[in-house]
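Student: Hi, could you walk me through this structure? I'd like to ask things as they come up.

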Amino acid sequence: MLRTHTAGELRTSHIGQTVTLCGWVQTTRDKGALIWIDLRDRYGITQLFIEEAKTDRNTIDTARSLGREFVISATGVVTERQSKNDKIPTGEIEIYIIKLEILNAAKLPPFIIEDNTDGGEDLRMKYRYLDLRRAPVRKSLELRHKMAQEVRKYMDTQGFLEVETPVLIKSTPEGARDFVVPSRMNQGEFYALPQSPQTFKQLLMVSGFDRYFQIVKCFRDEDLRADRQPEFTQIDCEMSFITQEDILQTFEGLVKYLFKNVKGIDTGSLPRVTYADAMKYYGSDKPDTRFEMKFVELKAPALKREGIEAVDFISGKGFQVFDNVETVVGINAKGSAGYTRKQIDELTEWLKRPQIGAKGLIYVKCEEDGSLKSSVDKFYSPEDLQKWASLFKAEKGDLLLILCGDDVKARKQLSELRLEMGTRLGLRNKDSYSCLWVLDFPLLEFGEDENRWFAMHHPFTSPKPEDIALLETDLGAVRANAYDMVINGVEVGGGSIRIFQRELQAKMFGILGFSDEEAKKQFGFLMDAFEYGAPPHGGIAFGFDRLCSLFGGVDSIRDFIAFPKNNAGRDVMIDSPSTIDQKQLKELHIAVKID
Ligand code: ASP
């Protein structure tokens, strides 16, 4: 080895030892008679020290010629530091240099490679290999590594086999567009990159593998956001001869194990909420439950299937807006009665932005003197407002924020407002974690634009046995044996119990608008497999990048991916996607018009 130690490991116990370190020059400070160099590697930073009067000319000249990011080898004696630095683990020692060697010079980097850098996002992406030298980015990838190891440990102890599935496959409909790869050997034909290994893991169950998992790359050609990448990683899992309860237990186990072993947090057992209740109380199927602030209904339509009656505490008082809407629903922003007119106006404008699309905001302030002041005082008496306040369990100092409109829209808008108020009130701390299962998703959702039903999870998801009859009468009411794992308002995992009978699978494709022929062409292999002894099975997949970013307390998943793409789906470092030459195109039988 070129070095005896790393730049992160020397302590006072090493004083007196002669060591050789290798790494990058982070900074040099030349005070004439004394020169200091900060040497960095993956493990930390160690200070090197040279005293002009006591060092040979050659070494001093070398030290003076160093620039940022030069790669060097330094041999010297570990010495106690005069002025100690308690901010770094090696801060009590420095290396008194005997020999200094430049292993490779470096150009001046385009941004400062320290924890706080002056480099903008684009520049750092272009020089990602330099950005990766920065400790915060490296730590994110170290966390990812640790997570992957712990996942494998847990899955192994539970008897899961890690099996690799192919990357060049055929389209699997998971609701996104496929990336495709032209086949040179099969003219005019294309592979698709997997949106997930869904069909393969189901086939592995037919093969009797019983418990499968894989930490696997998946590809979806979707518009990008901060938490999305065109290629991302899943912890993909499938089990046979299980009930939904077995899956929930096994993977609750995984999440608890990760929190315990990676973060030292005991999550306790995870709460479960039905999709219907998540929508009712949070207006979202991935509620952030780090804070309460549940919805309170002043007016809401009946939910037939759930056996819930309509409620109406507010119509008939002359306020047309409330009289004419389907739903009036609000939240209690505790302790926010001090909001000024200006703040409320600003919040209203925030809600009216097209991204949210609310028409307006109604408020009730619970003043310190016990009185209630609202934006609809004209229509509602103090007694009316008192009634509302008690529904909201409001106390002095609280602010009730109320939205109205079409049931689905009003709840969605209020869900955004709830998150915003949670943020403003400091209730969404990145170091606190709230996990839950959301269960009993609808099997299907209707796409107004396409005028047809879509699978809410995917076409292989089984309806709840007790709801199968509804497939003939009320498609929207059919619930699925499907579940999501939600942490801090982020859907980190989702899965379902699968259909394993050919007839039911064929029926499902029919409901989704596939002709028999199309279904056979795309999924004949799966339906055929179901005829050769398919066991009951089910599974789940976790978004691994997202899980890592949550554990790291960061919103964006990019820091947890070594070489991510930008918002336009580009890798600006290697400049991809890029054109390919005519010869390659010809081999692939692709004709591209070149202007
Ligand atoms: N394949 C599904 C997904 O990618 C997960 C599953 O159902 O297991 O979301």
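Student: Is C22 buried or exposed?

Tutor: C22 counts as buried because its relative accessibility is 11%. Buried means under 20% relative accessible area, exposed means over 50%, and partly exposed is in between, using a 1.4 Å probe and protein chains only. This is a predicted model, where local features need pLDDT of at least 70 and side-chain atom pairs count only at pLDDT 80 or more, while totals for chains, interfaces and linings use all residues. Residues are numbered from 1 along each chain as its sequence is written, and side-chain values use heavy atoms, with hydrogens and water left out.

Student: How many disulfides turn up?

Tutor: The search of the whole structure gives 0 disulfides, a disulfide being a pair of cysteine sulfur atoms within 2.5 Å. Take C404: the closest cysteine sulfur belongs to C366 and is 19 Å away, so that pair is too far apart for a bond.

Student: New topic. Which residues have the most contacts inside the largest nonpolar core?

Tutor: They are F251 and I487, in a core of 39 residues. A nonpolar core is a set of buried Ala, Val, Leu, Ile, Met, Phe, Trp, Tyr and Cys residues joined through side-chain atoms within 4.5 Å. Helix α6, residues 244–263, gives the most to this core, with 8 residues. Helices (H or I, at least four residues) and strands (E, at least two) are DSSP runs numbered from the N terminus.

Student: And what is F251 in contact with?

Tutor: Leaving aside neighbours within four places in sequence, F251 is in contact with M155, F160, C237, M239, W437, M485, I540 and F542. Contact means heavy atoms within 4.5 Å. Apart from this core lies another one of 31 residues, including L512, F523, M527 and A534.

Student: What about F241, where does that sit?

Tutor: F241 is in the loop between β10 and α6. Its phi is positive, about 55°, although F241 is not a glycine. With 60% relative accessibility, F241 counts as exposed.

Student: Then F232, is that one buried or exposed?

Tutor: F232 counts as buried, at 14% relative accessibility. It lies in strand β10, residues 231–240. Not counting residues up to four places away in sequence, F232 touches Q195, V216, K217, C218, F219, R220 and D545.

Student: Which residues lie nearest the centre of the second largest pocket?

Tutor: F179, V180, L193, S576 and P577 do, out of 21 lining residues. A pocket is an open set of points on a 1 Å grid over the protein atoms alone, with protein on both sides within 12 Å along at least five of seven lines; lining residues have an atom within 4 Å of a point. Strand β7, residues 180–182, gives the largest share of that lining, 3 residues.

Definitions and conventions
1 Å grid on protein atoms, 1.4 Å probe; cavity = no way out; pocket = protein on both sides within 12 Å on 5 of 7 lines; lining within 4 Å.
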